[in-house]
Amino acid sequence: MALPDLAKKPQRFTGGHRACAGCGFPVTIKIILQAAENPVVVGCATGCMEVTSTIYPYTAWRCSFIHTAFENAAATMSGVEAAYRSLKRQGKIDKDIDFIAFGGDGGTYDIGLQALSGAMERGHKLVYVCYNNQGYMNTGIQRSSATPRGANTTTTPAGTHLPGKPQYPKDLTAIMAAHGIPYAAQASMSHWNDLYRKAQKAFAVDGPAFLNVLSTCRLGWATAPEDTVDVAEGAVQCNVWPLFEVENGKWKLTFKPKKPLPVADWMKQQGRFKHLFQSDNTELLESIQRQVDEDWQRLLELCGE
Amino acid sequence: MTLSSQTKNLLKVHQQVNVNIEPNAGWRDLPIGGVIPQAGTATQFATGDWRTIRPVWSKEKCINCHRCWLYCPDMSWISENGQIQGVDLTYCKGCGICANVCPAKVHAIEMHPEDNFKDDEVVKEG
Ligand SMILES: Cc1ncc(C[n+]2csc(CCOP(=O)(O)OP(=O)(O)O)c2C)c(N)n1
Ligand code: SF4
Ligand code: SF4
Ligand code: SF4
Ligand SMILES: [Mg+2]
């Protein structure tokens, strides 16, 4: 699909929402909703996306939208999808409808993980999208299990005791793939074509699908608002955020950087890693690079590259 | 019944966004559970007044790639029949993403300080 054609389809997310200037997730929403051919019902966990897009009596959604609690977007949408299937069986609905649950990384990797795991295991036909901005941003930038090692957050403050978050992020996309669902993929708002295609596949499968989409938070990452797309692109180009999909158990790389950038180049773009370059952190930076390289090698093997 | 100015304001906002409430309504008449019965009411909330810099588009230079349309978080670029028509500043927060993603060789969008447009009536929007 060429972009001018994509723009011909009606948009289902409007301006007038109150996300920060230069926020990444509205672009993630735009690309995913443009890929849906049917009417959609969206459920959204508490977090920046929900808070900024549905401030009563305003809503930026042009489709049915349910605000769920922080932890249960997947459970709510499981119920909605089950009710839909029942109504369809009774002949009370004949339309095809797509169901989407959006959750932030906090609402997905952490507090919503069991609801998500259950929804995937029960086999509901819904697309769960984690818009991943690598931290609890709506409550003022706390660490999550998706936050990269070394990042400064309010709960892992960089200072004399701590060089930012001590742990590596967990690999949630692999955990979701391990559920044996028909489709799980990792994508970035910066690579729209890749994300669009993955969203189409997610809507098409007959069962649960999971998308983990890197979506810049320029406030929490401390980047300039105009650099939102560049920074997400940088994460892909340095292999911190590889683009891949797992379709019916088969792993496939969907993008391979020509010459991967050093991770430190990507980190230097962001204020949340600033402290790492103000004193000697060679050892930490080297171990982060080593971890990224090892993860990348493992991914290449899984993808048969 | 006399309404407080706060309630009056709330009613005005509801009417503006087509949430159906009687003119004399009180809080009991609000939709239960904070339901918003209309879709897309945020279009009534102009975020353009957040802006300190403004995108200026050159129709001549534009190659119609639509990258600005895609990457604008505030849905500000207008496309009709696959052709970019320009930018609607009603919601534009002046993030500068559009100017940044417009291909470097094309450079059809430049950001300018809002101050330069002081006398321009478009500034009154938002
Ligand atoms: C059970 C519960 N605990 C805490 C909160 C407060 N809270 C609201 S949003 C949020 C963080 C959301 O983080 P994430 O899911 O990553 O979304 P983001 O804001 O980063 O987009 C928290 C902790 C809540 N709403 N509910
Ligand atoms: S805090 Fe971050 S995620 Fe939240 S609206 Fe602002 S830029 Fe977006
Ligand atoms: S400056 Fe930002 S909000 Fe304004 S049109 Fe450009 S991308 Fe959209
Ligand atoms: S990004 Fe630049 S060249 Fe492309 S459509 Fe927008 S203004 Fe035109
Ligand atoms: Mg988050």
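This is a predicted model: local features need pLDDT of at least 70, side-chain atom pairs count only at pLDDT 80 or more; totals for chains, interfaces and linings use all residues.

Me: Okay, let's start with the metal. Which residues coordinate the magnesium ion (ligand 5)?

Reply: Three residues of chain A do: A:Asp105 through OD, A:Asn133 through OD1 and A:Gly135 through O, at 2.0 to 2.1 Å. Along the chain, these donors follow the spacing D-x27-N-x1-G. The pair A:Asp105 and A:Gly135 links distant parts of the chain, 30 residues apart. A:Asp105 sits in helix H5 of chain A, while A:Gly135 is in the loop between S4 and H7 of chain A.

Me: And are A:Asp105 and A:Gly135 buried or exposed?

Reply: Both A:Asp105 and A:Gly135 are buried.

Me: Now the helices. Which residues of H6 in chain A are buried?

Reply: Helix H6 covers residues 113-122 of chain A, and the buried ones are A:Ala115, A:Leu116, A:Gly118, A:Ala119 and A:Met120.

Me: What do the buried residues of H6(A) pack against?

Reply: Their partners in chain A are helix H4 (73-89), helix H5 (105-110), strand S4 (127-132), helix H7 (172-177) and strand S6 (209-214). After H6(A) comes A:Gly123, which has a positive phi, near 85°.

Me: What about the nonpolar core, how many residues are in the largest one?

Reply: The largest nonpolar core has 122 residues. Those with the most contacts inside it are A:Ile32, A:Phe102, A:Tyr128, A:Phe210 and A:Leu211. Domain 1 (5-39) and domain 2 (46-117) of chain B both give residues to this core, so it lies between them.

Me: How many Å apart are the C-alpha centres of domain 1 of chain B and domain 2 of chain B?

Reply: Those two centres lie 34 Å apart.

Me: Nice link. Why is helix H9 of chain A largely enclosed?

Reply: Eight of the 10 residues of H9(A), which runs 228-237, are buried, so the rest of the structure largely encloses this helix. Among the buried ones are A:Val229, A:Val231, A:Ala235 and A:Gln237.

Me: Which elements do the buried residues of H9(A) pack against?

Reply: Elements from both chains. In chain A they pack against strand S5 (183-188), S6 and helix H10 (263-268). In chain B, the partners are helix H2 (67-71) and helix H3 (97-101).

Me: Where is A:Cys238?

Reply: A:Cys238 is in the loop between H9 and strand S7 (244-247) of chain A. With a relative accessible area of 1%, A:Cys238 is buried. Not counting residues up to four places away in sequence, A:Cys238 touches A:Leu261, A:Pro262, A:Val263, A:Trp266 and A:Val292.

Me: What's up with the phi of A:Asn239?

Reply: A:Asn239 has a positive phi of about 70° although it isn't a glycine. A:Asn239 belongs to the loop between H9 and S7 of chain A, and at 7% relative accessibility it counts as buried.

Me: Switching to chain B: where is B:His107, and what is its phi?

Reply: B:His107 is in the loop between H3 and strand S4 (109-113) of chain B. Its phi is near 50°, a positive value in a residue other than glycine. B:His107 counts as partly exposed, at 39% relative accessibility.

Me: What surrounds ligand 4?

Reply: Chain B residues, including B:Trp57, B:Cys62, B:Cys65, B:His66, B:Cys68 and B:Cys102. By class, the shell has 10 nonpolar, two polar and no charged residues.

Me: And which residues come nearest to ligand 3?

Reply: Of the 15 residues around ligand 3, the nearest are B:Cys72, B:Cys92, B:Cys95, B:Gly96 and B:Cys98. The shell around ligand 3 has 10 nonpolar, three polar and two charged residues.

Me: Last one: which peptide bond is cis?

Reply: The bond from A:Tyr56 to A:Pro57 is cis, with omega near 0°. You'll find A:Pro57 in the loop between helix H3 (48-53) and strand S2 (64-67) of chain A.

Technical notes: Residues are numbered from 1 along each chain as its sequence is written. Chains are lettered from A and ligands numbered from 1 in the order in which they are written. Side-chain values use heavy atoms; hydrogens and water are left out. Buried means under 20% relative accessible area, exposed over 50%, partly exposed in between (1.4 Å probe, protein chains only). Helices (H or I, at least four residues) and strands (E, at least two) are DSSP runs, numbered from the N terminus. Contact means heavy atoms within 4.5 Å. Donors are N, O and S atoms within 2.8 Å of the metal (3.2 Å for Na, K and Ca); water is not among the atoms, so sites may look incomplete. A residue is near a molecule or strand if one of its heavy atoms lies within 4 Å of it. Ala, Val, Leu, Ile, Met, Phe, Trp, Tyr, Cys and Pro count as nonpolar, Asp, Glu, Lys and Arg as charged, and the others, Gly among them, as polar. A nonpolar core is a set of buried Ala, Val, Leu, Ile, Met, Phe, Trp, Tyr and Cys residues joined through side-chain atoms within 4.5 Å. Domain bounds come from an automatic or database domain assignment.
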